[in-house]
Amino acid sequence: MRVKVIESTSDDVDIILSLIRLLAESDGVKNVSIGKDALLTNIYSEQPIAFAKLILCDEIIAGFIIHSWKFATFLGTREMYMQAIYIK
């Protein structure tokens with residue numbers, strides 16, 4: 001089994017949205033209000049506020065990660081903040 005994580009692109013917006021819905025279902029969340037426009041604006045724009053990656057297992061989409069960056073005040077470096085991770 002070969003697992004890898006790749007950057008998603010705006011071409012993947014429908015895949016990311018469907019994976020977000022699967023995550024919500026597995027967490028028991030009934031109402032998911034995010035849509036394509038929100039993903040395109042906030043993840044796939046010229047100045048994204050978050051980033052989406054696809055998790056592949058043997059070249060088949062197995063999940064996703066959404067993350068953003070934050071500033072570590074006492075270290076003076078950036079740190080990754082993992083907003084969501086989902087693996088089917």
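1. **Ground rules.** This is a predicted model, where local features need pLDDT of at least 70, side-chain atom pairs count only at pLDDT 80 or more, and totals for chains, interfaces and linings use all residues. Residues are numbered from 1 along each chain as its sequence is written, and side-chain values use heavy atoms, with hydrogens and water left out.

2. **Overall layout.** The chain has 2 helices and 4 strands, and from the N terminus the order is β-α-α-β-β-β. Helices (H or I, at least four residues) and strands (E, at least two) are DSSP runs, numbered from the N terminus. Along the principal axes, the C-alpha atoms fill a box of roughly 35 × 35 × 25 Å. Of the 88 residues, 32% count as buried; buried means under 20% relative accessible area, exposed over 50%, and partly exposed in between, with a 1.4 Å probe and protein chains only. Among contacts with a separation of 6 or more, 47% are between residues 24 or more positions apart, a contact being heavy atoms within 4.5 Å.

3. **The core.** What holds the most contacts inside the largest nonpolar core? That core has 16 residues, and I16, L39, I43, F64 and I66 have the most contacts within it. (A nonpolar core is a set of buried Ala, Val, Leu, Ile, Met, Phe, Trp, Tyr and Cys residues joined through side-chain atoms within 4.5 Å.) At least two core residues come from each of α1 (13–27), β2 (51–57), β3 (60–72) and β4 (77–87). The largest share, 6 residues, belongs to α1. Leaving aside neighbours within four places in sequence, I16 is in contact with S8, L39, Y44, A52, K53, L54 and F64.

4. Not counting residues up to four places away in sequence, I15 touches L54 and I61. I15 and I61 are 46 residues apart in sequence, while their C-alpha atoms are 8.9 Å apart in space.

5. **The aromatic pair.** A search of the whole structure turns up 1 aromatic pair. The partners are F64 and Y86, which are tilted, at 6.4 Å centre to centre and 45° between the planes. (Rings of Phe, Tyr and Trp, its six-membered ring, pair if their centres lie within 6.5 Å; planes under 30 degrees apart count as stacked, over 60 as edge-to-face and the rest as tilted.) The pair links distant parts of the chain, with F64 in strand β3 and Y86 in strand β4, 22 residues apart. F64 is buried, at 1% relative accessible area, and Y86 counts as buried too, at 14%.

6. **The largest pocket.** About 250 Å³ of space lies here. The lining is made up of I20, I34, A38, L39, N42, I43, A50, I66, H67, S68, Q83 and A84. A pocket is an open set of points on a 1 Å grid over the protein atoms alone, where a 1.4 Å probe fits, with protein on both sides within 12 Å along at least five of seven lines; lining residues have an atom within 4 Å of a point. Grid points are joined across faces, edges and corners, and the volume is the space filled by probe spheres set on the points. At least two lining residues come from each of α2 (36–42), β3 and β4. By class, the lining has 8 nonpolar, 4 polar and no charged residues. (Ala, Val, Leu, Ile, Met, Phe, Trp, Tyr, Cys and Pro count as nonpolar, Asp, Glu, Lys and Arg as charged, and the others, Gly among them, as polar.)

7. **S68 in that lining.** S68 lies in strand β3 and is buried, with a relative accessible area of 18%. Not counting residues up to four places away in sequence, S68 touches I49, A50, F51, E79, M80 and Y81.

8. **Backbone at D58 and E59.** Most residues other than glycine have a negative phi. D58 has a positive phi of about 50° although it is not a glycine, and phi of E59 is near 70°, also positive. D58 is partly exposed at 45% relative accessible area, whereas E59 counts as exposed at 51%.
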